[in-house]
Amino acid sequence: MMKGNRNRKEKQLVRISFSLNGQKVEAEIKSSTILLDLIRDVFSLKGTKGACREGECGSCTVLLNDVPVNSCLFPAINANGKNITTIEGLTKSDGSLDEVQEAIVQNGASQCGFCTSGVALAIKGLKYHYKKLNNSKKINAVLTPNRKDIKKWLEGNLCRCTGYVKIIDAAEKALINE
Amino acid sequence: MTDFEIISPATIKELFIVIKKCGKDNFRFGAGYTDLLNELRKKTEPELKIINLAQVKDSQFTGIKTGIRGLWIGAMTTIQQLVSNQIINREFPVLHQSASSLASTQVRNVATIGGNICTASPSGDVSCALVSLNASCEILRVDGRTRMISIQDFFLGPRKTLLNRDEVLYRIFIPQNKPTSVSVHSGFIKVGTRQSMECSVVSLAFHIQSDKKSKIIKAGLAIGAASPTIRFTESACNFLIDKTLKNISESIKDEFAENVVVYASPISDLRASAWYRKEVLYNISKSVLEVNPS
């Protein structure tokens, strides 16, 4: 790969492969590439937003093996072998909305929309979280999050339009519909 | 913005080789990256290498195990793993509370306990809880030797630890509660200007064990954001021994709070003044002893 001294300053590229919205993908990246940039600039999935780029606002949230993370603070190299879900992957293959997206629409939980993909994925992550809890549990009673649990879970998602009430309503709706 | 190169060893053995190879080069460790990437964005460092710990496969390095004398927590254990762990929730509520108060869900899912310790922030939430629990750090050297250091001694100053260049934090050990302890009064108090994503103005971790006669047999108390490093308030802890938690007079509470505040040497910064920090610390210290008789 290296072509003598001229290219010595060129950083070596690393090959990674992972599942992106259910499809196996590969990319050759600089090791310092951030997951958010890989998703937006290489795979052209612009639904994932970058705003604060320091892990405060949550607009860049994606699911990493069903768990919400800030893609702006995640080296793409560590996505190797993992399953990444972005907002584009939430929508079903026939184009219809996921139940979380549906609940957001029904409850008017989106205004300017910039935070919405992150919020939707965070709520989806909460759904997966409780699914896992209920599967691992020995007793039979089904655990569901209350409004306080939902608020706590969504503390990493900032929204400057809605005032959060409708977002939490939507989350409650989406979570009860199990 | 610093440009960097990430090197990803897959085993502890490979990790040692990479560290040796880096030699005198400028390198940092990358664990959860939630702090590191923010720091690197704000400054320019030439020729930086990052040794990526996130792909090292080693179950002791990434998980929680119960030992005979206590709990072993791998340095790469995520904060969310701490929050979800039932033993921690039951035996060491202070650690559970500090972990669940850290940043946000998205950050807790990737941030690690080792990263929280090695950042050596005076306001590190999880670190503060670990100091109150008398935890120790198991440090691995590239020649394979290990050493155990009390977590209090691990912190030398803001962002400074006694970790050498050829060492890596491997596990954290938390000693079991005393066999004669029948109840623990344990928790984490964090004072900040908002509830989420907040860096503490001042914080206090406490873990108080009582025997069947409700007498205090062991107490651990640590304060955060109140001095250059997290402090274990030894004289305040000793002061509590043999007292009964449900039966403490106002004057004893004051004396206790004075014993805590002695350890504080806070600074004034954009979040709070030194005076305010001390006042708050005094009051939350007293509140630790406000236990409703049950």
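Two rings of Phe, Tyr or Trp count as an aromatic pair if their centres lie within 6.5 Å. Planes over 60 degrees apart make the pair edge-to-face, and planes under 30 degrees apart make it stacked. By that rule, the structure holds 5 aromatic pairs over all chains. The model is a predicted one.

Take F27(B) and F29(B) to begin. Their ring centres are 5.6 Å apart, and their planes meet at 75°, so this pair is edge-to-face. F27(B) has a relative accessibility of 11%, which counts as buried. F29(B) has a relative accessible area of 25% and is partly exposed. The cut-off for buried is under 20%.

Now move along chain B to F154(B) and F155(B). Here the ring centres lie 5.9 Å apart, with the planes at 80°, so this pair is edge-to-face too. F154(B) is buried, at a relative accessible area of 0%. F155(B) is buried as well, at 7% relative accessibility.

F154(B) leads on to another residue. T161(B) belongs to strand β9 of chain B, which covers residues 160-161. How buried is T161(B)? Its relative accessible area is 18%, and that counts as buried. One of its polar atoms lies 3.2 Å from the backbone nitrogen of L163(B).

Next comes a loop residue of chain B. A111(B) lies between α7 (105-108) and α8 (113-118). Neighbours within four places aside, A111(B) is in contact with G32(B), T34(B), T77(B), T78(B) and I79(B). M76(B) is 35 residues away from A111(B) along the chain, yet the two C-alpha atoms are separated by 8.5 Å.

Two asparagines deserve a look at the backbone. N134(B) has a positive phi of about 55°, although it is not a glycine. This asparagine lies in the loop between α9 (125-132) and β6 (136-141) of chain B. N134(B) is partly exposed, with a relative accessible area of 28%. In chain A, N65(A) also has a positive phi, near 50°. N65(A) sits in the loop between β3 (61-64) and β4 of chain A. Its relative accessibility is 38%, which counts as partly exposed.

That brings us to chain A as a whole. It has 6 helices and 5 strands. Read from the N terminus, the elements run β-β-α-β-β-β-α-α-α-α-α. The C-alpha trace spans about 65 × 40 × 30 Å along its principal axes. Of the 178 residues in chain A, 44% are buried. Among contacts in chain A with a separation of 6 or more, 57% are between residues 24 or more positions apart.

Last, the place where the two chains meet. Chain A brings 29 residues to the contact, and chain B brings 30 residues. Together they bury about 2,300 Å². Carbon and sulfur atoms give 49% of that area. What polar links cross between the chains? There are 14 residue pairs in polar contact across the interface, with both residues at pLDDT 80 or more. The count of salt bridges between chain A and chain B is 3. One of them joins the side chains of D3(B) and K30(A), at 3.6 Å from N to O.

Which elements of chain A give two or more residues to the side that touches chain B? They are β4 (67-70), α4 (116-136) and α5 (147-153). Of these, β4(A) gives the most, with 4 residues. By residue type, this side of chain A divides into 12 nonpolar, 10 polar and 7 charged.

Conventions:
Residues are numbered from 1 along each chain as its sequence is written. Chains are lettered from A and ligands numbered from 1 in the order in which they are written. This is a predicted model: local features need pLDDT of at least 70, side-chain atom pairs count only at pLDDT 80 or more; totals for chains, interfaces and linings use all residues. Side-chain values use heavy atoms; hydrogens and water are left out. Contact means heavy atoms within 4.5 Å. Buried area is the accessible area (1.4 Å probe) that two parts lose on being put together, summed over both. A salt bridge is a side-chain nitrogen of Lys or Arg within 4 Å of a carboxyl oxygen of Asp or Glu. A polar contact is a pair of N or O atoms within 3.5 Å; within protein, one must be able to donate a hydrogen and the other to accept it, and residues adjacent in sequence count only if both atoms are side-chain atoms. Ala, Val, Leu, Ile, Met, Phe, Trp, Tyr, Cys and Pro count as nonpolar, Asp, Glu, Lys and Arg as charged, and the others, Gly among them, as polar. Rings of Phe, Tyr and Trp (its six-membered ring) pair if their centres lie within 6.5 Å; planes under 30 degrees apart count as stacked, over 60 as edge-to-face and the rest as tilted. Buried means under 20% relative accessible area, exposed over 50%, partly exposed in between (1.4 Å probe, protein chains only).
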